[in-house]
Amino acid sequence: MTGFARAEGAASGTSWIVEVKSVNGRALDLRTRQPSGFDAIEALTRAEVNRLIRRGNVTLNLTVNRTATTAPLRLNRELLAQVLELVREIEGAGAAPPRIDALLSVRGVIDTGEETEQPEERAELEAAIGKTVTQAILALASARAAEGARLHAVLTGHLDEIASLTEAAASTAALQPATLRDKLKTQVQALLEAVPALPEERLAQEAALLIAKADVREELDRLRAHIAQARDMLAEGAAVGRRLDFLCQEFNREANTLCSKSADVELTRIGLSLKATIEQFREQVQNIE
């Protein structure tokens, strides 16, 4: 299923944005993008996605920004004195004196007041970002659930249509007992009158084949069973996409057999409509978890 979610957070002079999206996929495939040094976030992301999502291509992007510091600038006088001492040695060797801006650009001469990040501060920052990641993934799962509710209604409608066509096929004139009996009598009589006459064993085989081809009750019964099973799966409210995908293959198998056995125009028409509706059902099944 598709979905998108975004969450933001800020703490200790750092802000971050988490964006996560998903598109349809046969299995679960997760890709994360985060700044260097935040690899621990990937492990958390995988754990949360595996807990909440079963199917789809999921991408999570983490953007981290350090906010500007307002700490006052300080002059490191001890380091500057060491630099000036080196400058005097260089001048004594005949070199031109350096410019003041060059001296101040020496690393550490000007102290911005920023402190080196401590392990405890880093852990607190990652924990805060982790909460935002979880928040975004929960929002994505909620969006996917809303889409799933809409697809539930669509799939139920397709199942209703499949059920209606199945009963329409069962009630066609070609499948009524009297019609079947008359048709079989005519076909068997033609076999008996064949020239040259068929051997008794061959005659029995041909008669059995005619009876089997004329009888589609098994296919209709299996279609009804598949419809009931599909309704039960949709009622579970769980991740049933893969199982429904397999069930669609069974639906197609019965519909194909129905059409291949049909020797009646009306039954063939219903069988083709049945196949078209099953295909629509299958396409929507690809979109659910």
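**View A. Pairing of β1 with β2 in the predicted model**. Strand β1 and strand β2 (residues 14-23) run in the antiparallel sense and are joined over 9 bridges. Within this pair, alanine 7 is placed opposite valine 18 of β2.

**View B. The open sheet of 4 strands**. Its strand order is β1-β2-β4-β3, and the pairing is mixed. Because β1 (3-11) and β3 (28-33) are the edge strands, each with a single partner, one side of each has no neighbour in the sheet. Ignoring direction, neighbouring strands are turned against each other by 10 degrees on average.

**View C. Helix α1 on the sheet**. Helix α1 (residues 39-52) packs on the sheet and touches β3 and β4 (56-66). The direction of α1 makes about 150 degrees with that of β3.

**View D. The largest nonpolar core**. This core has 28 residues; Leu159, Ile162, Leu244, Phe251, Leu258, Leu274 and Phe281 have the most contacts inside it. Two or more residues come from each of α4 (119-170), α7 (217-236), α8 (241-261) and α9 (265-285). In soluble globular proteins, nonpolar side chains tend to be buried together.

**View E. Surroundings of isoleucine 162**. Leaving out residues up to four places away in sequence, isoleucine 162 touches Ile227, Phe251, Leu274, Thr277, Ile278 and Phe281. Of these, Phe251, Leu274 and Phe281 are also listed, with Ile162 itself, among the residues with the most contacts inside the largest core.

How values were computed. Residues numbered from 1 in each chain as written. Predicted model: local features only at pLDDT ≥ 70, side-chain atom pairs only at ≥ 80, totals over all residues. Heavy atoms only, no water. Core = buried A, V, L, I, M, F, W, Y, C linked by side-chain atoms within 4.5 Å. Buried < 20%, exposed > 50% of the residue type's maximum accessible area, 1.4 Å probe, protein only. Contact = heavy atoms within 4.5 Å. Pairing = 2+ DSSP bridges. Axes fitted to C-alpha atoms, helices over the stretch in contact; angles between N-to-C directions.
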